[in-house]
Amino acid sequence: MKTFNYTIKDELGIHARPAGLLAKAAKAYESEITITKGEKTVGCTKLMALMGLGVKCGDTVTINISGSDEEAAEKGIKEFLEANL
């Protein structure tokens with residue numbers, strides 16, 4: 001299992017467009033990828049759940065990745081977050 005924290009830099013937080021892109025990026029991997037904010041954890045492939053977290057600019061989220069391609073998934077999701085959020 002891979003785990004890392006990321007602080008959201010996008011002014012609008014995780015809103016519709018980046019949530020959709022994140023869900024699409026997460027679906028590219030076999031590993032299960034979850035995102036946690038506070039007490040709530042959701043799967044990164046679930047668009048409405050991502051938006052329901054209410055992640056704002058400056059919030060720190062925790063990403064958990066477990067599965068057969070977790071090394072590649074960790075690298076890919078980190079790059080996605082840096083580029084989009």
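**From elements to a single residue**

Mentor: The protein chain has 3 helices and 4 strands, where helices (H or I, at least four residues) and strands (E, at least two) are DSSP runs numbered from the N terminus. This is a predicted model, in which local features need pLDDT of at least 70 and side-chain atom pairs count only at pLDDT 80 or more, while totals for chains, interfaces and linings use all residues. Residues are numbered from 1 along each chain as its sequence is written, and side-chain values use heavy atoms, with hydrogens and water left out.

Trainee: In what order do the elements of the protein chain run from the N terminus on?

Mentor: The order is β-α-β-β-α-β-α.

Trainee: What makes the radius of gyration of the protein chain agree with that of a compact globule?

Mentor: The radius is taken over C-alpha atoms, and the globule rule is 2.2 Å times the number of residues to the power 0.38. For 85 residues a compact globule would have a radius near 12 Å, and the protein chain has 11 Å, so the two agree.

Trainee: Why is glutamate 82 called exposed?

Mentor: Exposed means over 50% relative accessible area, buried under 20%, and partly exposed in between (1.4 Å probe, protein chains only). Glutamate 82 has 55%, and is therefore exposed. This glutamate 82 belongs to helix α3 (residues 70–84).

Trainee: Which residues does glutamate 82 contact, leaving aside its neighbours within four places in sequence?

Mentor: With contact meaning heavy atoms within 4.5 Å, glutamate 82 touches Tyr6 and Lys9.
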